[in-house]
Amino acid sequence: MRSIIQTEKLGFHYPRQERLIFENLNISIKEGEMVGILGSNGSGKSTLLKHFNALIRPKKGAVLIDEKWNTKDPETWLDIRQLVGLVFQNPENQIVSTIVEEDIAFALENLGLPREEIKKRVNEVLKIVNMYEYRKRPPYQLSGGQKQRIGIASILAMRPKGIIFDEATSMLDPKGRKDILKIIHELNQKYGVTVLMTTHLLDEVASVDRIIVLNKGRIRFDDKPEIVFENREELEAMGLSIPTVTKLALDLKAEGYLTDSKKLILTKEEFVQAIQKDIGVRA
Amino acid sequence: MNLLKIENIQYSYGKNTPFEKEVLKNISLEVNANDFIGVIGHTGSGKSTLIKICNGLLKPDKGQIFYKGENIWKKGFDLKHLRFKVGVSFQYPEHQLFCETVKKDIAYGLVNKGVPEEEQESKIRQVLKIVGLQESYLEKSPFKLSGGEMRKVALAGTMVLEPEVLILDEPTAGLDPKTTKQVYESLKEYQAKTSSSIIVVSHSMEDISEYATRLIALDDGNILLRGTPAQVFSNTERLNDMSLDVPITTSILSMLAQKNPSVNTNIYRYNDTKAEIIRLLKDVKSIE
């Protein structure tokens with residue numbers, strides 16, 4: 001499988017500061033994957049993500065995009081940023097125009113695409129994020145979740161292979177959060193977009209393909225969720241946690257229940273199933 | 001007597017302009033000592049405006065606000081004094097840090113309040129302990145701290161003024177699970193020491209369900225639901241209509257209740273949820 005993002009012995013420190021934010025990171029994100037990155041506040045997650053579309057360049061080691069572009073080479077930056085989009089926490093920070101469809105057309109105009117092509121892409125991406133009816137509205141009239149959908153649409157319009165979501169749901173209300181998560185999954189499953197996401201809400205990453213845990217500047221885990229979340233004590237010591245259902249299932253197990261379920265429980269459905277099974281065994 | 005009383009508040013932004021928007025329609029609320037009130041509502045429902053109304057940063061178009069029985073908008077009322085008594089910590093308060101040391105930043109409000117220097121020191125040490133930072137932080141630059149530590153410093157700067165009503169807008173957004181817990185625990189500790197009332201605005205139904213004793217759910221400028229968390233979270237459908245949700249614990253219990261009618265779905269805290277599921281599993285055993 002082709003690597004969309006690959007780091008080789010990546011290290012970073014801020015100017016005039018000795019302390020390394022991270023060092024010797026070897027990460028490979030393959031085309032079509034959905035990967036969650038976890039780490040406590042100050043673990044260097046956001047700094048790492050900014051390396052992936054050349055907003056920050058490595059102090060040590062290298063970042064290779066799509067197996068051909070080294071982020072150290074300024075000539076590649078435009079290509080890289082079209083290939084890997086970045087969605088931030090606060091949607092307000094990425095909206096530039098006064099009308100939704102103009103906002104999405106903005107980057108495409110900068111690319112010098114023909115008018116017809118721009119129109120086609122704008123309509124296409126607005127439909128993907130379910131915001132087509134809002135295309136003539138000013139962004140300030142939208143809710144936080146809707147603004148975030150516009151942010152995603154403007155990145156989609158560039159037809160990226162990968163999108164990085166840096167805590168893209170942390171400022172949204174429960175419905176906004178659900179909508180964005182649904183779109184993220186759809187982009188990955190239906191359109192094959194490679195997804196990289198960070199979040200502090202562990203329930204959001206229970207269903208990704210792989211989780212990378214950063215701790216003290218190193219990769220502590222890089223594995224499937226059901227394997228990473230086995231390490232509850234260690235994750236908690238790092239300031240992280242595990243999904244609520246997983247915690248509940250483990251706590252019940254510790255008290256002698258759910259002894260039949262061997263696999264780590266990650267979803268509400270699995271949890272209810274395990275309880276019903278336990279009831280069946282007991283009755 | 002209640003600390004704050006808000007009666008039939010109505011407020012519009014951009015009054016008498018083409019952009020006029022009615023943000024609060026008819027809000028009434030009483031805040032008593034030792035209350036821990038959770039405010040939930042979708043983005044744009046009026047939560048942040050309500051906060052600004054509470055400490056007199058915005059003047060309502062209609063309705064009245066009383067602080068300990070005194071109308072805060074009557075002539076001669078000391079609004080500056082009110083803002084020491086009703087402390088607000090806005091979203092991302094760490095963006096408002098600006099002094100060269102943590103100590104100076106926390107002391108900033110105390111200096112403005114006119115607290116003598118000798119008293120400042122002990123007050124600062126006290127709040128530092130409440131938010132869980134070591135004294136070695138006092139001489140550090142706030143800008144060299146991690147996001148979570150900066151949030152704690154900002155919170156300490158609000159707490160040190162000893163407000164009787166402490167209002168926080170999304171105090172834990174963007175914080176990792178451990179820091180989130182520490183922030184909520186420090187709020188509880190502050191409340192236990194001062195009998196103050198705390199109002200927290202949050203999008204996390206899980207956090208709010210663990211700590212709040214009362215909830216209000218705002219929608220389109222009105223309070224549509226209010227009561228204990230159990231009362232409010234018993235309205236799954238109405239909450240969903242308001243772009244809100246029940247905590248994941250309540251939703252698990254609802255799923256279990258479909259097959260096991262004895263399950264009490266009126267539970268929201270983690271430990272109570274665990275106990276209820278154990279009860280269900282034990283019951284089965286005893287039937288046998």
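Residues are numbered from 1 along each chain as its sequence is written, and chains are lettered from A and ligands numbered from 1 in the order in which they are written. Because the model is predicted, local features need pLDDT of at least 70 and side-chain atom pairs count only at pLDDT 80 or more, while totals for chains, interfaces and linings use all residues.

Chain A is assigned domain 1 (3-242) and domain 2 (243-283); the bounds come from an automatic or database domain assignment. The centres of these two domains of chain A, taken over C-alpha atoms, are 33 Å apart. In contact across the boundary are 9 residues of domain 1 of chain A and 9 residues of domain 2 of chain A (contact: C-beta atoms, placed from the backbone, within 7 Å). The domain 1 side has 5 nonpolar, no polar and 4 charged residues. Here Ala, Val, Leu, Ile, Met, Phe, Trp, Tyr, Cys and Pro count as nonpolar, Asp, Glu, Lys and Arg as charged, and the others, Gly among them, as polar.

Helices (H or I, at least four residues) and strands (E, at least two) are DSSP runs, numbered from the N terminus.

The largest nonpolar core has 164 residues. Such a core is a set of buried Ala, Val, Leu, Ile, Met, Phe, Trp, Tyr and Cys residues joined through C-beta atoms within 7 Å. A residue is buried if 20 or more other C-beta atoms lie within 10 Å of its own, exposed if 12 or fewer, and partly exposed in between; C-beta atoms are placed from the backbone. A153(A) and A217(B) have the most contacts inside the core. Beyond four places in sequence, A153(A) touches I104(A), V125(A), L126(A), V129(A) and M131(A). I104(A) is one of the buried residues of helix 3 (100-110) of chain A. Helix 4 (115-128) and helix 5 (144-156) of chain A are among the elements that cover them.

In chain B, 4 strands form an open antiparallel sheet in the order 2-1-4-5 (pairing: at least two DSSP bridges). Strand 2 (21-31) and strand 5 (70-71) of chain B each have a single partner strand, so one side of each lacks a neighbour in the sheet. Strand 4 (62-67) and strand 5 of chain B pair over 2 bridges. Y67(B) stands opposite E70(B) in strand 5 of chain B.

Note on methods:
Two residues are in contact if their C-beta atoms, placed from the backbone, lie within 7 Å.
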